[in-house]
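Subject: Model for you to look at

Hello,

Here is the model for your files. Please open it next to this message and follow along.

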Amino acid sequence: MSSYENILVETRGRVAIITLNRPKALNALNDLTMREVVAATAELDANPEIGCFVLTGSEKAFAAGADIKEMSEKSATQMYTLDWFSGWDQFTSRRTPVIAAVNGYALGGGCELAMMCDFILAGDKAKFGQPEINLGIIPGMGGSQRLTRAVGKAKAMEMCLTGRMIDAEEAERSGLVARIVPAAELLDEAIRTAELIASKSKVAATMVKEVVNAAYETNLQQGVLYERRVFHSAFASEDQKEGMAAFVEKREPNFQHR
Ligand code: CAA
């Protein structure tokens, strides 16, 4: 595994833990951090021994947003020609399931990055927000779209228009996070959850990720048909044979994991 400046990457069995590590800037997501997250997850995605990622930050901040200092002097032409933030699309195309483990601030691009993950586990002190309006800008890493799909128009509109932060309780109530965990136990719980996912059939987990994500992009009829076709193709996998045989024989399945 390559070495990085702004992230730490560790593997524990079949789980890879990617930690945003720019403490002086509260893990603000500058261009280098984006490129490192993209590169690390590309390498890990290609590794059949890895079944799930955990993306996390520090106790104080998952990430306090895109790097304001890096952007502040840029012109519209530069932002457009560089297609600023477009690199994150590569992160969202990873096939391995990704859990965001969020302690502290997930603001602006930090909240948007957490929402790019497959689901969020929040520490009980986590705070989520889209404060871009306070800087005279708007969300630019998908926040207006993913937040609206996650929490609905009313709360997304209120958060983006006022910049108000919500705490972990409100985030869970609104459907933004899957579960709240005491802050000190968050990483361990995220790793345990990732280990559970990584213990399943990898082909089935990849299919789950694909069909649940399709719910964002298709109407109900097309989505249900797509799910059914992918379900049918699961019967081409050895893991389907093994999983069902194990159930019938009352034993644990021995999945291929690749
Ligand atoms: N970009 C660059 N640097 C940042 C940063 C950011 N998003 N967030 C924090 N920092 C830096 C601060 O400038 C400070 O650096 P210095 O010590 O060199 O001054 C350091 O991190 C510590 O921050 P604070 O002293 O501000 O810490 P605090 O505890 O007083 O406040 C905070 C914490 C409320 C999160 C505050 O840092 C804050 O409001 N940060 C900005 C949040 C924000 O506006 N995020 C949106 C960014 S724009 C965006 O993300 C666009 C998009 O859609 C992708």
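Below are some notes on the strands and helices.

This is a predicted model: local features need pLDDT of at least 70, side-chain atom pairs count only at pLDDT 80 or more, and totals for chains, interfaces and linings use all residues. Residues are numbered from 1 along each chain as its sequence is written, and side-chain values use heavy atoms, without hydrogens and water. Helices (H or I, at least four residues) and strands (E, at least two) are DSSP runs, numbered from the N terminus.

**Around S3**

Strand S3 covers residues 52-56, and five of its five residues are buried (under 20% relative accessible area, 1.4 Å probe, protein chains only). Cys 52, Val 54 and Thr 56 lie on one side. Phe 53 and Leu 55 lie on the other.

S3 pairs (at least two DSSP bridges between the strands) with strand S2, residues 15-20. That pairing is parallel, over five bridges. Thr 19 has Thr 56 as its bridge partner. From S2 the chain passes through helix H1 (residues 31-45) to S3, a right-handed β-α-β crossover (clockwise from first strand over helix to second, with the strands pointing away from the viewer).

S3 also pairs with strand S5 (residues 98-102), in parallel, over four bridges. Phe 53 is partnered by Val 98 there.

**The four-stranded sheet**

An open sheet with mixed pairing runs in the order S4-S6-S8-S9. S4 (61-63) and S9 (166-167) each have a single partner strand, so one side of each lacks a neighbour in the sheet. S6 (residues 105-107) and S8 (residues 127-129) run parallel, joined by three bridges. Tyr 105 sits opposite Lys 127.

Best wishes

Terms used:
Buried < 20%, exposed > 50% of the residue type's maximum accessible area, 1.4 Å probe, protein only.
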